[in-house]
Structure formats: C-alpha cells, structure tokens
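Student: I would like to learn how labels are given to parts of a protein model. Can we work through some?

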Amino acid sequence: MQEQGTDALIRLMEAVEDNRKLISASTPLEVYAVLKRRERAGDISTEDAAAALDSLRMEAARMVQQPLNPAVLEAARQLLDRTALRWPDTLQLGAALVARDMFQGTEIIFVSSSPQLLEAAKPKAPHPRPGKGSGRTGEGRG
C-alpha cells in the first residue's frame with residue numbers, strides 16, 4: 001500500500017541492518033488491526049491483505065521487539081499525562097524512549113506517519129532552574 005512517506009520509509013529500512021531496527025512489541029498487532037480494518041472496509045482485497053500480513057510476519061520477526069515491560073508502560077503513562085496522544089501511540093513512543101535510555105550513544109530514529117506523535121517525540125530541553133542561568137541544557141524526554 002503506497003501512502004505518503006512509504007518510499008522514504010522503505011529507503012530507511014533498506015539502509016539499516018535488521019538487528020538495528022527496533023519496534024514496540026505492540027506494533028505488529030497495530031499493523032494487523034489496520035490491515036484487517038481496511039480489508040473489511042473494502043479498501044484492499046483479501047489477497048492483498050493476506051500478502052501484507054505475510055510480509056508483516058516476516059519483517060516483524062527480523063526486527064528487535066521492545067517488550068511492553070513496566071518501564072515502557074510507565075513512559076506511556078507519563079506521555080498520557082502530558083500529551084493528547086492516543087494510548088497506542090504512547091506505547092510506540094514509550095518503547096522508543098526506553099530503548100533510547102537503554103542504548104545511550106546510539107542514534108534512535110523514531111518513525112511515524114502521525115504529525116502529533118512526531119512532535120511529541122522531539123527532545124525537549126528542560127527549563128532552566130531559577131538561579132542557575134540558561135547554560136547548556138541536556139536532552140530531555142519528549
């Protein structure tokens with residue numbers, strides 16, 4: 001299914017080794033749900049849905065899956081507290097934030113078709129503390 005950004009995502013996925021691709025453990029289920037919904041709506045044929053599901057199974061099996069562990073769930077809860085994101089989106093971003101914390105020094109590229117999710121994923125600089133000036137700030141969660 002060709003949608004906006006598909007070509008760029010394909011190029012990115014082809015350029016990165018499988019063992020360096022990380023997805024939330026919930027991602028395959030979310031994609032499965034979208035494919036089944038589009039099939040039921042008649043947007044895609046049963047054959048195309050089956051082919052896409054086969055591809056999903058193969059691709060998901062080749063990537064590292066971030067489990068929905070307590071750290072991911074807590075990161076998702078914190079995102080729900082401070083953003084207007086839907087809960088499945090907070091799981092996606094929460095998994096990326098936990099992975100970023102686990103693999104410090106490794107570039108993490110967060111990919112989404114949602115402008116709201118991409119905005120929430122941008123690192124936020126912490127506000128300077130009173131009396132401390134506005135010196136260098138580190139990367140914050142966001």
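Tutor: Start with a definition. Buried means under 20% relative accessible area, exposed means over 50%, and partly exposed lies in between. Keep in mind that this model is predicted.

Student: Why is K36 called partly exposed?

Tutor: Its relative accessibility is 24%.

Student: What makes E39 buried or exposed?

Tutor: E39 has 18% relative accessibility, so E39 counts as buried. The cut-off for buried is under 20%.

Student: How do you know that E39 and K36 form a salt bridge?

Tutor: The closest N and O atoms are 3.0 Å apart. The rule asks for within 4 Å. Both residues sit in helix α2, separated by about one helical turn, because they are 3 residues apart.

Student: What makes D18 and R62 a salt bridge?

Tutor: Their closest N and O atoms are 2.8 Å apart, and the limit is within 4 Å. D18 is in the loop between α1 and β1 and R62 is in helix α3, so the pair ties together parts 44 residues apart in sequence. D18, K21, E59 and R62 are linked in a network of salt bridges.

Student: Why is α4 called oblique to α5?

Tutor: Their axes come within 8 Å and cross at roughly 125°. That makes α4 oblique to α5. Roughly perpendicular covers 65 to 115 degrees, and roughly antiparallel is over 145, so an angle between those two classes counts as oblique.

Methods: Residues are numbered from 1 along each chain as its sequence is written. This is a predicted model: local features need pLDDT of at least 70, side-chain atom pairs count only at pLDDT 80 or more; totals for chains, interfaces and linings use all residues. Side-chain values use heavy atoms; hydrogens and water are left out. Axes are lines fitted to C-alpha atoms, for helices over the stretch in contact, and angles run from 0 to 180 degrees between N-to-C directions. Helices (H or I, at least four residues) and strands (E, at least two) are DSSP runs, numbered from the N terminus. Angles under 35 degrees count as roughly parallel, over 145 as roughly antiparallel, 65 to 115 as roughly perpendicular and the rest as oblique. A salt bridge is a side-chain nitrogen of Lys or Arg within 4 Å of a carboxyl oxygen of Asp or Glu. Buried means under 20% relative accessible area, exposed over 50%, partly exposed in between (1.4 Å probe, protein chains only).
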